Amino acid sequence: MSTTISVEHLSYTYPGVSDAPGVPVFEDLNLTVEEGSFVAVLGSNGCGKSTLAKHFNSILLPCGGKVYVGGMNTADAERLIAIRKTVGMVFQNPDNQIVANVVEEDVAFGPENLGVAAPVIRQRVDAALKQVGMYEYRNHAPHLLSGGQKQRVAIAGVIAMEPKCIVLDEPTAMLDPKGRREVMDTVLRLNKEKGITVVLITHHMNEAALAQRVVVLDKGQIALDGTPKQVFSQVDKLHEMGLAAPETVELCHDLNTQGFSLPLDSLDIEECAQVLYDVLKA
Amino acid sequence: MLKDITLGQYFPGNSVVHRLDPRTKLIALIVYIVALFTAGSWLTYAIAFGFLAVSIAVSQIPLKAIVRGMKPLVFVLIFTGILNLFFTGGERVLVSFWRITITLEGITRAIFMVVRILMLISATFLLTYTTSPISLTDGLESLLSPLKKLRMPVHELSMMMCIALRFIPTLIEETDKIISAQKARGADFESGSLMKRVKALVPILVPLFISAFRRADELATAMECRCYHGGDGRTKMKLLRLKRPDYCAFLLLTALLCVQAIVSSVGL
């Protein structure tokens, strides 16, 4: 499989205010994201998750090292539009990324910027809204929608540009559980059905558990990298970094300290129940 | 209290008025205002009123919405009415005491002025209620596009207007939240002298401005992410095209102006 995003020896320092020295975030970070994969990026506050995401489509440019998106160097100013067309971004606050007053006109904003012809925009907008399940709301005003619906509109706005990859920066942080589920279902579907590469930055372990691969950032370095089962079974390491595993793994881990020896890779409730059932039965 | 502000809010719908080209509606509003200001008799006012009433009826906009939008303007209306009532000279004096005289002309003039403002605002509401802000700014952009040659930032202006309109409800909601939060901490906005009440607004305005700036920053990033790079090479999903209802509207407007002109010249 080819790579969509590759980060090579990335270093980045936030510029200091006036004479103060800058704050280094990354010193030598390497990461590749395979095409069509679903990668979750975890990390405690201030570990550089969002900063990393902003490097994926030239919002921030590396101080050292290179970031490639679909083979294009993000520092190449001439290909800026092509880069941003390849990697779409969805942010935390749905209110602050919706530009227009009507849902469908907001979704059209990206394709309009790309200079797509009017009938094609119409098709793309309808398709995008159908994919996120918001087609019936196409003539609504965004401020009357719920948080989850707004975030789905924001996702539709990104997929209307037909990107290869979507980077979601804590898209569910401001949503209630229902909205969170709506957004996650949409993201999963886009990844499975459309083959869009997804990079999900999140605080919720249960969301990360849905990914194919979990990358844990700590102090500007990649601390853990693997399948959700591999990463979450290292509960003690996660705790050291101020993170937690999904509740089911935490439960098994706690039981293990009480003398059980349960496997630490049950990521959903069904699986966990089965493990406990087997142990208690024996 | 902030929920009452309906100025510039769009009522989605599918009436003929909704479907008119925004440029038609903008020009119609200007023509209508001209017609209103040339009106000077009961008959001409009646014609202008009839035109507006039919337009509102066709648009299916609830009358309540228009009346609600008038509320903040009650003071201006009363002020205009009183001013015209007392300061219009005339022959037929009805009441006269101290320095105030009320004449028959004054009463007529006051009624005309108030009615004129009411119709003017209703017509403006009809435009903003039936036209989504985006198509409104599209229409403005298209009408003003000849100015691009004079290096006027027409696209930028229409984008700014569009975003401002988009954030009105969001910021109103935010203001409501801040007011509640400050009330919860014991802030008092309702009592005290005028000065004190103005000062009490500071703890609302400061957080509101900070949050607005933060929003602006995030929005700018989000727009850049969606490949926004100014007006060059930008296309539109909804192309503006004049259709038959638009031509009909122009015909009706011309008719309105002609009738007004004829009626006034005859002296009715």
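The structure is a predicted model, in which local features need pLDDT of at least 70 and side-chain atom pairs count only at pLDDT 80 or more, while totals for chains, interfaces and linings use all residues. Residues are numbered from 1 along each chain as its sequence is written, with chains lettered from A and ligands numbered from 1 in the order in which they are written.

Back to B:R151: its phi is near 65°, a positive value in a residue other than glycine. Most residues other than glycine have a negative phi. B:R151 sits in the loop between helix 7 (133–144) and helix 8 (154–184) of chain B; helices here are DSSP runs of H or I with at least four residues, strands are E runs of at least two, and both are numbered from the N terminus.

B:Q60 also shows a positive phi, about 60°, without being a glycine. The loop that holds B:Q60 runs between helix 3 (42–59) and helix 4 (63–70) of chain B. With 14 C-beta neighbours inside 10 Å, B:Q60 counts as partly exposed.

As for chain A, there are twelve helices and ten strands, and 48% of its 282 residues count as buried. The C-alpha trace spans about 65 × 50 × 40 Å along its principal axes. Residues 24 or more positions apart make up 61% of the chain A contacts with a separation of 6 or more, a contact being two C-beta atoms, placed from the backbone, within 7 Å.

Methods
A residue is buried if 20 or more other C-beta atoms lie within 10 Å of its own, exposed if 12 or fewer, and partly exposed in between; C-beta atoms are placed from the backbone.
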